[in-house]
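Subject: Structure for you to look at

Hello,

Here is the structure I said I would pass on, with notes on what was found in it below. Please read the notes with the model open.

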Amino acid sequence: MGRLKFDWLYLLQAAFLGIVEGLTEFLPVSSTGHLIVAAELVGFRDATSDTFVVAIQAGAIFAVCWYYRMRIAKVLCGLFSEPVQQRLAINTLVAFMPAAVVGVLVSDLLKTYLFNPLTVATALVIGGLLILYVEHRHNKFSMEPRVRDMDDMTWKDALKVGIAQCFAMIPGTSRSGATIIGGLVCGLSRKAATEFSFFLAIPTIFGATVWDLWQAREQIAAANLPALVVGTVVSFFSALVVVHWLIRFVSRHDFRGFGWYRIVFGGVILLTWASGLVRW
């Protein structure tokens, strides 16, 4: 990357981005979008900054693995003997496959043309409007969920959520937002959609992290590792707080607040760009 990265300013920038990643990864507000904007604001831009944005997501996934460690262990132990655990494993794999295939095919194009604040802002606003629309329909028609628990999902439900996840490859869309809202549209309860979104994140983000690090293996030097470690560790702890909070939040609230937040945040970016106040 051209210069030694083991300095306090660089590590502080990495820690800041780790906080942003952990706080936003599992909320329907787009962690990648926030990281792109945050990286621009603090001047964290170089040849592998996009790879850094993806790589530190591993910290958030470690947080999910830790939070659900007992359930994950239960799935692994019952993989060949318990139908409920087998169903969850199969559903997770089925939902993972669409994004895995599409990601391999178009990830480079997306990074080249869409990893910028203006794309993020547009996707934030559109996604916010979709969240408000879906929540309005649920409230207006008092729609009862067809699937109340994650364990009751069929492979068809999982496939629909997996297809919805593909839209999250557009930065600013939000992986958790696409899967949770997609799950609600398909008849899942808020709790089922949110918990399945967490489980689906494990193979999806681990896969994206490994793929990106492998592709950028020649660009990443030992000097970059301290920043990656700091960003990943910080994202782990901040994500752990969010996962614990969000499970309780969805049992009592809808997602309209996140929809309005997306619209305001995206609108501010677009207005500052249109007015020339910020050179995004």
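**Salt bridges**

D254 and R256 form a salt bridge, with their closest N and O atoms 2.7 Å apart (the term means a side-chain nitrogen of Lys or Arg within 4 Å of a carboxyl oxygen of Asp or Glu). D254 is buried at a relative accessible area of 16%, whereas R256 is partly exposed at 40%. Buried means under 20% relative accessible area, exposed over 50%, and partly exposed in between, with a 1.4 Å probe and protein chains only.

A note on the source: this is a predicted model, in which local features need pLDDT of at least 70 and side-chain atom pairs count only at pLDDT 80 or more, while totals for chains, interfaces and linings use all residues. Residues are numbered from 1 along each chain as its sequence is written, and side-chain values use heavy atoms, leaving out hydrogens and water.

The whole structure has 7 salt bridges. One of them joins the side chains of D157 and R146, at 2.7 Å from N to O. Helices here are DSSP runs (H or I, at least four residues), numbered from the N terminus. D157 counts as buried because its relative accessibility is 3%; R146, at 51%, counts as exposed.

Another salt bridge is between the side chains of E195 and K191, at 3.3 Å from N to O. Both residues lie in helix α10 (residues 190-215), 4 residues apart, which is about one turn of the helix. E195 is buried at 12% relative accessible area, and K191 is partly exposed at 41%.

**Helix pair**

The axes of helix α8 (residues 155-166) and helix α9 (residues 175-185) come within 8 Å and cross at roughly 145°. Axes are lines fitted to C-alpha atoms over the stretch in contact, and angles run from 0 to 180 degrees between N-to-C directions. In this pair, V161, A164 and Q165 of α8 meet R175, A178, T179, G182 and G183 of α9 (contact means heavy atoms within 4.5 Å).

**Position of V102**

V102 lies in helix α6 (residues 83-113). At 31% relative accessibility, V102 counts as partly exposed.

Regards

Key. Helix = DSSP H or I, 4+ residues; strand = E, 2+ residues; numbered from the N terminus.
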